[in-house]
Amino acid sequence: MTTTNETNAPEQAPRIRWTEHAPDVYKAMVRLDQAARRHLDPVLLELVKIRASQINHCAFCLDMHSKDALAAGESVERIVQLSAWEESRHFYTEKEIAAIELTEAVTVLTDGFVPDEVFEKAAKHFDETELAHLISAITVINAWNRFGVTARLTPGHYTPGSLKH
């Protein structure tokens with residue numbers, strides 16, 4: 001329990017402000033992100049981004065995409081349950097579960113490939129254009145996560161709509 005005399009731990013500064021030192025890469029990533037999000041439901045896209053960011057431990061992206069999901073109309077309950085979605089399946093549609101499973105398979109790649117059953121399940125819920133964009137969006141958020149985690153970008157200051165990735 002926190003008392004009134006306790007303070008939060010100090011905020012860490014980023015290791016590097018990579019966007020300032022690699023602006024062309026940042027701008028290219030933003031364009032890639034914008035292209036990947038086409039044909040996808042914005043709320044589903046935020047769930048995918050949150051789940052990948054949870055797996056990758058990217059606090060900056062978790063902050064951003066949780067706030068964006070709330071701004072897009074997502075419920076706090078579904079965002080909170082996302083880290084334990086397998087036990088909370090009833091909060092999500094079959095299409096969302098297929099997207100979450102594909103997100104995990106692409107993000108982790110422990111066996112070096114995406115299992116056929118995971119891909120086939122996603123293919124049943126998304127047409128080929130949507131599926132191609134979903135795979136692209138999952139790949140892009142994983143790249144963003146790697147920038148965020150490596151640079152130790154500071155979470156907590158994002159306002160929905162102020163920056164998109």
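User: Before we start, what counts as a salt bridge here?

Analyst: A salt bridge is a side-chain nitrogen of Lys or Arg within 4 Å of a carboxyl oxygen of Asp or Glu. Keep in mind this is a predicted model, where local features need pLDDT of at least 70, side-chain atom pairs count only at pLDDT 80 or more, and totals for chains, interfaces and linings use all residues. Residues are numbered from 1 along each chain as its sequence is written, and side-chain values use heavy atoms, with hydrogens and water left out.

User: What makes Arg78 and Glu74 a salt bridge?

Analyst: Their closest N and O atoms are 2.6 Å apart, and the cut-off is within 4 Å, so the pair qualifies.

User: Why is Arg78 called buried?

Analyst: Buried means under 20% relative accessible area, exposed over 50%, and partly exposed in between (1.4 Å probe, protein chains only). Arg78 has 14%, so it is buried. Glu74, with 8%, is buried too.

User: How do you know that Asp33 and Arg37 pair up?

Analyst: Their side chains meet in a salt bridge at 2.8 Å, N to O. Asp33 counts as buried because its relative accessibility is 3%, while Arg37 is at 22%, so it counts as partly exposed. Asp33, Arg37 and Lys49 are also linked in a network of salt bridges.

User: What makes Arg89 and Glu101 a salt bridge?

Analyst: The closest N and O atoms lie 3.9 Å apart, and the limit is within 4 Å, so the pair counts. Arg89 is partly exposed because its relative accessibility is 32%, whereas Glu101 is at 18% and therefore buried.

User: How many salt bridges does the whole structure hold?

Analyst: The search finds nine.
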